[in-house]
Amino acid sequence: MKFAFCIGNGESRRNFDLHKLQKYGKIYGSNALFRDLSVDVLVCCDRRMAMETVSKGYKGTVYTRKDWYSFFPYENFKQLPDLPWPEKEKWTQSFHMGSGLHAVNIALLEDNDIIVLCGHDFWGIENKHNNLYKDSENYESKEHNAIDPSFWIKQFEMFFNLYEKKNFVFAHADGWRCPEGWNKKENVSFQELNTLVDTLKKLQ
């Protein structure tokens, strides 16, 4: 049984030590997560974030968009894989999918059995930007408006439907809001973030 930990940068994971997860499976993250943790797979859809990994000497595996992959002739850089569906409507297109969802796609392509999701918060905080790295290099300010999560929710649902034999576990903190109807999906479950490590220990 292979675990993949797909880490979003929402503020709900602020007080959780991600290092505790490393012994249980691969960690897939995005953007500025590399400042705090050396992950197995880092996705930087934003070219500025990809450039930041280079300027700060990050040597881990970094995936970026094919649009600017040629700008990064480094051994640790890879081009994002294609999505597993036709890219017709705007919300199904690779360019309109963020780094966090691309990290989920890679985790699924690497044939992990259980996809544990932490820090995928969807909604803003008091209508403002919800991100642990806001107000830092290459990020929006803390006063930036919240981002509409509708594309993210639809994209996750596409994964749920395509990978019915995979288990998606959302490890949430207090106050995390579940998108409507997800608690009725057979391959989607929920785990309190502060008890996640205890649960993993029991599954060993």
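Leaving aside neighbours within four places in sequence, Asn 131 touches Asn 9, Glu 11 and Tyr 139. That residue is a handy way into this predicted model, since Asn 131 also lies among the residues nearest the centre of the largest pocket.

- Asn 131 sits in the loop between strand E6 and helix H3, the latter spanning residues 150–162.
- Is Asn 131 buried or exposed? Its relative accessible area is 13%, and the cut-off for buried is under 20%, so Asn 131 counts as buried.
- The largest pocket has a volume of about 1000 Å³, and 37 residues line it.
- Nearest the centre of this pocket lie Asn 31, Gly 98, Asn 131, Ile 147 and Trp 152.
- Helices H1, H2 (99–109) and H3 each give at least two residues to the lining of the largest pocket.
- By class, that lining holds 14 nonpolar, 17 polar and six charged residues.

**The second largest pocket**

- About 190 Å³ is the volume of the second largest pocket.
- Its lining includes Glu 11, Ser 12, Arg 14, Asn 15 and Phe 16, along with His 172, Ala 173 and Asp 174. Glu 192, Leu 193 and Asn 194 also belong to the lining of this second pocket.
- Three nonpolar, four polar and four charged residues make up the lining of the second largest pocket.
- Glu 11, one of the residues lining the second largest pocket, is also a contact of Asn 131.

**The cavity**

- Leu 117, Cys 118, Gly 119, His 120, Phe 170, Ala 171, His 172 and Trp 176 line the cavity.
- Strands E6 (114–118) and E7 (167–172) are the elements that give two or more residues to this lining. E7 gives the most, with three residues.
- The cavity lining has five nonpolar residues, three polar ones and no charged ones.

**Strand pairing**

- E1 and E2 run parallel and are paired over four bridges. Among the bridges, Phe 3 has Gly 25 as its partner in E2.
- E2 is also joined to E3 (residues 41–43), again in the parallel sense, through three bridges. Here Ser 30 has Val 43 as its bridge partner in E3.
- Five of the six residues of E2 (residues 25–30) are buried, so the strand is largely enclosed by the rest of the structure.

- Met 49, Ala 50, Glu 52 and Thr 53 are the buried residues of H1, which covers residues 47–55. They span an arc of only 155° around the axis, so they lie on the same side of H1.
- Those buried residues of H1 pack against E3, E4 (62–64) and E5 (77–79).
- In H4 (residues 196–203), the buried residues are Leu 196, Val 197 and Leu 200. Down the axis of H4 they fall within an arc of 95°, so they line one face of the helix.
- The elements covering the buried residues of H4 include E1 (3–7), E6, E7 and E8 (188–192).

**Two residues to look up**

- Val 43 lies in strand E3 and, at 0% relative accessibility, counts as buried.
- Beyond its sequence neighbours within four places, Val 43 is in contact with Gly 29, Ser 30, Asn 31, Tyr 63, Leu 80, Ser 99, His 102, Ala 103 and Ile 106.
- One of these contacts, Ala 103, is 60 residues away along the chain, with 6.1 Å between the two C-alpha atoms.
- Gln 204 is in the segment after H4. It counts as exposed, at 64% relative accessibility.
- With neighbours within four places in sequence set aside, Gln 204 is in contact with Lys 23 and Tyr 24.
- Gln 204 and Tyr 24 are 180 residues apart in sequence, and their C-alpha atoms are 8.4 Å apart in space.

Key
Residues numbered from 1 in each chain as written. Predicted model: local features only at pLDDT ≥ 70, side-chain atom pairs only at ≥ 80, totals over all residues. Heavy atoms only, no water. 1 Å grid on protein atoms, 1.4 Å probe; cavity = no way out; pocket = protein on both sides within 12 Å on 5 of 7 lines; lining within 4 Å. Nonpolar A, V, L, I, M, F, W, Y, C, P; charged D, E, K, R; others polar. Buried < 20%, exposed > 50% of the residue type's maximum accessible area, 1.4 Å probe, protein only. Arc of directions from axis to C-beta. Contact = heavy atoms within 4.5 Å. Pairing = 2+ DSSP bridges. Points joined across faces, edges and corners; volume = space filled by probe spheres on them.
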